[in-house]
Amino acid sequence: MTLPPPADSSPPVVELRDAAKSYPGGVHALRGVNLTVAEGELLAVVGPSGSGKSTMLNVMGTLDKPTTGTVKVAGYDVSALSDSRLSALRARHIGFVFQQFHLAAGRDAVDNVADGLLYAGVPLRERRARAREALAKVGLDHRGSHTPNELSGGEKQRVAIARALVGEPRLLLADEPTGALDTASGAIVMELLHELNASGTTICVITHDNGIADSLPRRVRFKDGEIVSDSYSVSPVEGAGR
Amino acid sequence: MSGNDLKPSRLSPRDILRVGAVGLRARRARVVLSALGIAIGIATMVAVVGLSESSRSDLMARLDRLGTNLLTAEAGEDHLGNRIKFPKSAVAMVERIGPVEHATATANVDARIRRSDVVPDERTAGVTAQAARLDLLSTLGGEVAKGVWLDPAGERLPVTVLGSVAADRLGITRTGETIMMDETRVVVVGILEPIELFPTLDRTAMVGFPAAERYFRFDGRPTTVFERSTDASVEEVRAVLGRTISPGDPAGVSVSRPSDALAAKAATDKGLTALMLGLGAVALLVGGVGVANTMVISVLERRREIGLRRSLGATRNAIRLQFLTESLLLSGLGGTAGALLGAAATYAFAHFQGWTAVVPPWSLAGGLAATLLIGVVAGLYPAIRASRLHPTVALNAT
């Protein structure tokens, strides 16, 4: 079932070598994980709660550093970077989508999406213009002036995806993106992720939902902080993901 | 790649302000309340300084107008305890002192004053009779409220001019009415405005020297001599005034400078101002604690926002700056409102008192500086706490 990465592998977006993360008190969230995510992939990191997949997201997103081992994101060795350089790395190369959306109440969709560029040194006017483009990409160009409480759950998550996308990151990390959504909205969000991947974005979805994982071309299964399987679907979708 | 190309971008000043204001816009009621604390402190301080300056400048203007070169010499008691009287020639003698430009006098007249002859003898109105020279009013800078001042004809007739308090006590509101001085019916020809330099005269009924001698068995000897000299020689004149008027008993002459009383008033105000400023400072301190409290709570409530911003690429510095800016905006808002309020209070009260309002620019600048200082001090600890939050802990906060 475990297959090697596609032969024509492009430079890896994420590269974990023997990455381990342990917390005081002997909790080992990650145990010697090796994982390479190539440019243009769409993969699921799947596992039950407590399996270490959230730690995996934090480490891949440079929000957390591994205790041992090396993590490279977009070619940068994370452990060698200071906190402010890591911040810059996140600002330019990583987009996050969270289960709870984390949208600012009282600010309209355009402003929320434009915040995705705030720390990348983009001037306000350009931030807003690019935010409108990103909203159009997620099919919400008509909702730009709506505040989060005027949007449905699915729309909120699409705004959050637009915010993650607006900086054109090398890697988009989605943490249970459908966890707070009903089935129909969840399906729309997943379809959107597929579309974005088809147009070239590297996406990593963290989920506990096997149904969602099975719909993605690559699945990395976690259990007790270790990868138990890494499989590729032999499906037409894989071609789209290169 | 080593990461040297990963230099975090700086926010533009405009973005810093926008981000700093985010937290304020979301919690308006709390913002208003915690800014209010600062506003009260600053308003108190600005108003106290403004009012004391306004009152002082008013006093100074009055002193300027009234002059500080007036000296009075009042007849006291000799070494045996008898009331002395000045010689009839006292005014002329004083005028012969070199720097003296002008001198005049009043004298106590022993006449009982009643509203009318049906008022029993024992019931006086708390008004005393004074003989006054014609140039008294101009020397003291007094003004006539109603009617006229004594003139060369009136000086010899049974007519009187009342001080403002005397008119009030006697219940006289217009000229032409009569009062009783001893058993003589006297016509009121004028009522004076309060005399600021020598308020004692406000409680008297003044008649001319010749009239006093003719009707009230007055001996013509003054009891108070007023003189104005050049400003520079006031102290020299003060030294010789007693000896000039009463060579035999200079100690029985009490010389004073009426403007000193007004100047002393300005000085006593200073003590009160310091006290009020202290109260304002305490209010400001309490306001600052309120801002710090608001900021600590704000950081606690917004941990997820902090986590999100960190994931969007905010550096620790950017987070620290955001909360520091918020604190500065909060206290700045209060400070500005307070300064406006304090200035408005000063203008309102000064207008009410008939003063010219003075709000010294340094008090506004000082208030603003204090506000900014408070903003930094109150915001620093919460801002540092916010910046030290670990991104993953912040994101998962409930």
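**A walk through chains A and B**

In chain B, the domain assignment, which is automatic or comes from a database, gives domain 1 (13-63 + 263-395) and domain 2 (69-258). The C-alpha centres of domain 1 and domain 2 of chain B are 56 Å apart. Please keep in mind that this is a predicted model, where local features need pLDDT of at least 70, side-chain atom pairs count only at pLDDT 80 or more, and totals for chains, interfaces and linings use all residues. Residues are numbered from 1 along each chain as its sequence is written, while chains are lettered from A and ligands numbered from 1 in the order in which they are written.

Let us stay with chain B for a moment. B:Ala261 sits in helix H8 (residues 258-301); helices (H or I, at least four residues) and strands (E, at least two) are DSSP runs, numbered from the N terminus. B:Ala261 counts as partly exposed because it has 13 C-beta neighbours inside 10 Å. On this scale, 20 or more other C-beta atoms within 10 Å of a residue's own make it buried, 12 or fewer make it exposed, and partly exposed is in between, with C-beta atoms placed from the backbone. Between the C-alpha atoms of B:Ala261 and B:Leu197, 64 residues apart along the chain, the separation is 8.5 Å.

Now over to chain A and its strand E3 (residues 42-46), where five of five residues are buried. In a regular strand, side chains alternate between the two faces of the sheet. In E3(A), A:Leu42, A:Ala44 and A:Val46 point one way, and A:Leu43 and A:Val45 the other.

Which strands pair with E3(A) in the parallel sense? Strand E8 (residues 202-207) of chain A runs parallel to E3(A), joined by five bridges, and A:Val45 stands opposite A:Ile206 there. Strand E9 (residues 218-223) of chain A also pairs in parallel with E3(A), over four bridges, with A:Arg219 as the bridge partner of A:Ala44. Pairing here requires at least two DSSP bridges between the strands.
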